[in-house]
Amino acid sequence: MMTQERLKRCHRPIAKRIIVRGTLILDTPTCLGSGDAESPTDIALLRDSVSDCALLTGASIAGALRNYLREYQHGYGVEEQKGDRATTLFGGTRRDPDGEQSPLIINDAISSTIPTVELRDGVEIEPITGTAKPGHKYDLELLAAGTEFPLYFELLLEKTKNQTEQQALINHLALALRGLEQHEIGIGMKKRRGFGRCHVKEWQVWNFNLEDPGDRTAWLLFDRECIKTPVITAKIADALSVVLNDREDKRDRFLLHAKFKLVGSLLIRSGQNSTGRAPDVVHLKSHRPNESNPNESESQSVLSGTSLAGVLRHRAERIVNTLHEINPQITQEIVNEIFGFVSDNKASKQSKANEVKKKKPEAKASRLVVHEKVIKDATDLVQNRIAIDRFTGGAYHGALFDEQPIFGGDETRVCIELELRNPNEYEIGLLLLLLKDLWTSDLPVGGESSIGRGRLKGIKADLIRPHPQNPKQWQITESKGNLQIEDISDSSKSETLVKYELEQFVKALLKELGKEV
């Protein structure tokens, strides 16, 4: 039997409906997995069964928006609370049987055209040997950047809610959609390794007052003919006539945006099949919209987030193990807290004597977001190589192969964009040491580093700490072989004082590892 209270909540007298449409554009390749176990790839794309276009489910969109609202209001790693923005707009959680129904309707989105599909390979590297782990290679299908999805949202405003409550719902919707507008919300899998970045380029908003006969008729005929003229704008806040306060952002993060010059060549192996007379190994390329004609796409060389994250993790382990040789478990925990981990099934099995003890989580997501970046103005050149017989010193029979890495010129720039969420000071110190190794060409990226590939030389780095209470920004540049460091947030500080501030992060790492400072 339904209680009177729950029966009352089942009836929703609607006073107004606000319809929002937008065009979602993918900025980087995106993995929308279907879970099809019979696919030739390990992770296949989810497609519409009728049109064969890519399918972005409303549940995926709602989950991404809900998570963004929760993080914006409470910070990273904090659970939702009853009555907060996320539960007010998207309804109660599964743990709350009496939670409210969501007033927001989100439709599934089908891509405008049959999309271009990219294939990517991934593999887990053994940290000790530096080689691939057996059985840990996988491949996945990705939607190419530039794919467009028409989005549809409908907000229901009930008669039982007063004007303040209705306006709060509109504000929450504007805040969530602004995250899509400003490239702050990712969709799909492996978002913390550069996939799934997107934005909305244009919004259309219709307001229907269902207590008005004309608006009610216009809403009933909305799908067949648009009677009311929509509000079209690039900013959702203007379309919904709201003012958003950025001071309420509780997300604590550390951003590192760096620009490097490519010294020599770079080769990140592409997993896509080569056809015709293509080289045996080519550098990874990805489709991007043509700047002169956005309706067309072209293949561009990229520095993938998965490859860069693997390089940074391996060097981070080496740094902390060098600084702290007493207890390897402590150093491994520091790296795992930043880069995430998945426990080995064999190692996670515990004996009956240890079952009483509190079990540690067997997996944890990375707190470090590594974005995928395009490498512009690089040159593709084919190199022929041959394996040498170590016994005779001559060419090894049948081992001739050719490669096509990219080579840097005077205008070639390699950009790196990192984001560390909920950072501790010693973790920022570890990132600064990684930046130093990249800056001085000591840490190569990509493959075949043993023959000199993947060396970078630092040009400029911006260190941003958009802390809710104390935001800071530093900038490192190089001029005539000398480093210049300045505090962008406070230009009155001397360079000596700015260097001292950054040194404190490194000293915090040494202190965490038990070193005397």
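Let's start with Val369, whose bridge partner in β23 is Glu419. Val369 belongs to strand β17, residues 368-370, and β17 pairs with β23 in the antiparallel sense over three bridges. A word on terms: helices (H or I, at least four residues) and strands (E, at least two) are DSSP runs numbered from the N terminus, and two strands pair if DSSP finds at least two bridges between them.

Before I go on, this is a predicted model, where local features need pLDDT of at least 70, side-chain atom pairs count only at pLDDT 80 or more, and totals for chains, interfaces and linings use all residues. Residues are numbered from 1 along each chain as its sequence is written, and side-chain values use heavy atoms, with hydrogens and water left out.

Back to β23. Strand β10, residues 253-263, also pairs with β23, antiparallel, over nine bridges. There, Lys261 has Arg413 as its bridge partner. So how enclosed is β23, residues 413-421, by the rest of the structure? Largely, because seven of its nine residues are buried (under 20% relative accessible area with a 1.4 Å probe, protein chains only; exposed is over 50%, partly exposed in between).

Next, have a look at an open sheet of three strands, in the order β12-β21-β20, with mixed pairing. Its edge strands are β12 (281-282) and β20 (383-388), each pairing on one side only. β12 and β21, residues 395-404, run parallel and are joined by two bridges. Val282 stands opposite Gln404 of β21.

Now the helices. α7 (residues 305-323) and α10 (residues 425-439) pack at an angle of about 110°, with axes 10 Å apart. Axes here are lines fitted to C-alpha atoms, for helices over the stretch in contact, and angles run from 0 to 180 degrees between N-to-C directions. That makes α7 roughly perpendicular to α10, a label for angles of 65 to 115 degrees. The contact (heavy atoms within 4.5 Å) involves residues including Leu312 and Ile319 of α7 and Leu430 and Leu434 of α10.

Last, the cysteines. Cys31 is buried, with a relative accessible area of 1%.

Methods:
Angles under 35 degrees count as roughly parallel, over 145 as roughly antiparallel, 65 to 115 as roughly perpendicular and the rest as oblique.
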